[in-house]
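Could you go through the model shown here alongside these notes?

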Amino acid sequence: MLENRILLVEDDDSLRITQVMYLEREDFEVTAVGSGGEALRRIAIGQYHAVVTDLRLDEVDGLEVLAAVKEKS
C-alpha cells in the first residue's frame, strides 16, 4: 500500500537503523538507504508516500534527492 511507504535516506548507520525501527513500529513500510545516489535509483523505480532525507550526504545531497522526488511527482 502506497500510503505507508517511506524512503529514508540517512548516511549514519546507527541513526538509520534507529529511525527504521521507530517507523516500522508505527506501521510504515520503510526502504532505507545510506546515500543520495542510492535514493535516486530507488526513486526512479519505486513509489513512496514520503521521503525523509538527511540534507548533508556524500555525492548527491538531500536537496537533490528532494528535487528528484518533485520531478517524478
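1. Basis. This is a predicted model: local features need pLDDT of at least 70, side-chain atom pairs count only at pLDDT 80 or more, and totals for chains, interfaces and linings use all residues. Residues are numbered from 1 along each chain as its sequence is written, and side-chain values use heavy atoms, with hydrogens and water left out.

2. Main core. A nonpolar core here is a set of buried Ala, Val, Leu, Ile, Met, Phe, Trp, Tyr and Cys residues joined through side-chain atoms within 4.5 Å. Buried means under 20% relative accessible area, exposed over 50%, and partly exposed in between (1.4 Å probe, protein chains only). The largest such core has nine residues: Leu-7, Val-9, Val-33, Ala-39, Ile-43, Tyr-48, Leu-57, Val-60 and Val-65. Strand E1 (5-9) and helix H2 (36-45) are the elements that give two or more residues to it. Helices (H or I, at least four residues) and strands (E, at least two) are DSSP runs, numbered from the N terminus.

3. Second core. A separate core of five residues includes Ile-6, Leu-8, Leu-23 and Val-30. As background, nonpolar side chains in soluble globular proteins tend to be buried together.

4. Val-9. Look at this residue in strand E1. Val-9 is buried, with a relative accessible area of 1%. Contact means heavy atoms within 4.5 Å. Leaving aside neighbours within four places in sequence, Val-9 is in contact with residues including Val-33, Ala-39, Val-51, Leu-57 and Val-65. Val-65 is 56 residues away from Val-9 along the chain, yet their C-alpha atoms are separated by 8.9 Å.

5. Helix H2. Which residues of H2 are buried? They are Gly-36, Gly-37, Ala-39 and Ile-43. These residues lie on the same side of H2, because they cover an arc of only 155° around the axis. The arc is that of the directions from the helix axis to the C-beta atoms. Their cover includes E1, E2 and H3. Ile-43 touches Leu-7, Tyr-48, Val-65, Ala-68, Val-69 and Lys-72, not counting residues up to four places away in sequence.

6. A salt bridge is a side-chain nitrogen of Lys or Arg within 4 Å of a carboxyl oxygen of Asp or Glu. The whole structure has four. Glu-38 pairs with Arg-41 at 3.1 Å, N to O. Glu-38 also pairs with Arg-42, at 2.8 Å. Glu-38 and Arg-41 are three residues apart in H2, so about one helical turn separates them. Glu-38 and Arg-42 are four residues apart, also about one turn of the helix. An α-helix has 3.6 residues a turn, so residues three or four places apart point the same way. Glu-38 is partly exposed at 22% relative accessibility, and Arg-42 is partly exposed at 30%.

7. Glu-29 forms a salt bridge with Arg-5, with the closest N and O atoms 3.4 Å apart. This pair links distant parts of the chain: Glu-29 is in strand E2 (residues 29-33), Arg-5 is in strand E1, and they are 24 residues apart. Glu-29 is partly exposed, with a relative accessible area of 39%. Arg-5 is partly exposed at 21%.

8. Thr-31. This residue also needs a look; it lies in strand E2. Is Thr-31 buried or exposed? Thr-31 counts as buried because its relative accessible area is 14%. Its contacts beyond four places in sequence are Arg-5, Ile-6, Leu-7, Leu-8, Arg-42 and Tyr-48.

9. Surface. Leu-55, Leu-63 and Leu-66 form a nonpolar patch, with about 280 Å² of accessible area together. Patches are made of residues with over 30% relative accessible area and no salt bridge; like charges are joined within 9 Å, nonpolar side chains (Val, Leu, Ile, Met, Phe, Trp, Tyr) within 5 Å. Accessible areas come from the Shrake-Rupley method with a 1.4 Å probe; for residues, only the protein chains shown count as cover. Leu-55 is in the loop between strand E3 (50-53) and helix H3 (62-72). Leu-55 is partly exposed, at 48% relative accessibility.

10. Backbone. Most residues other than glycine have a negative phi. Asp-27 has a positive phi near 70°, and sits in the loop between helix H1 (13-25) and E2. Glu-59 has a positive phi of about 60°, and lies in the loop between E3 and H3. Asp-27 is exposed at 61% relative accessibility, and Glu-59 is exposed at 80%.
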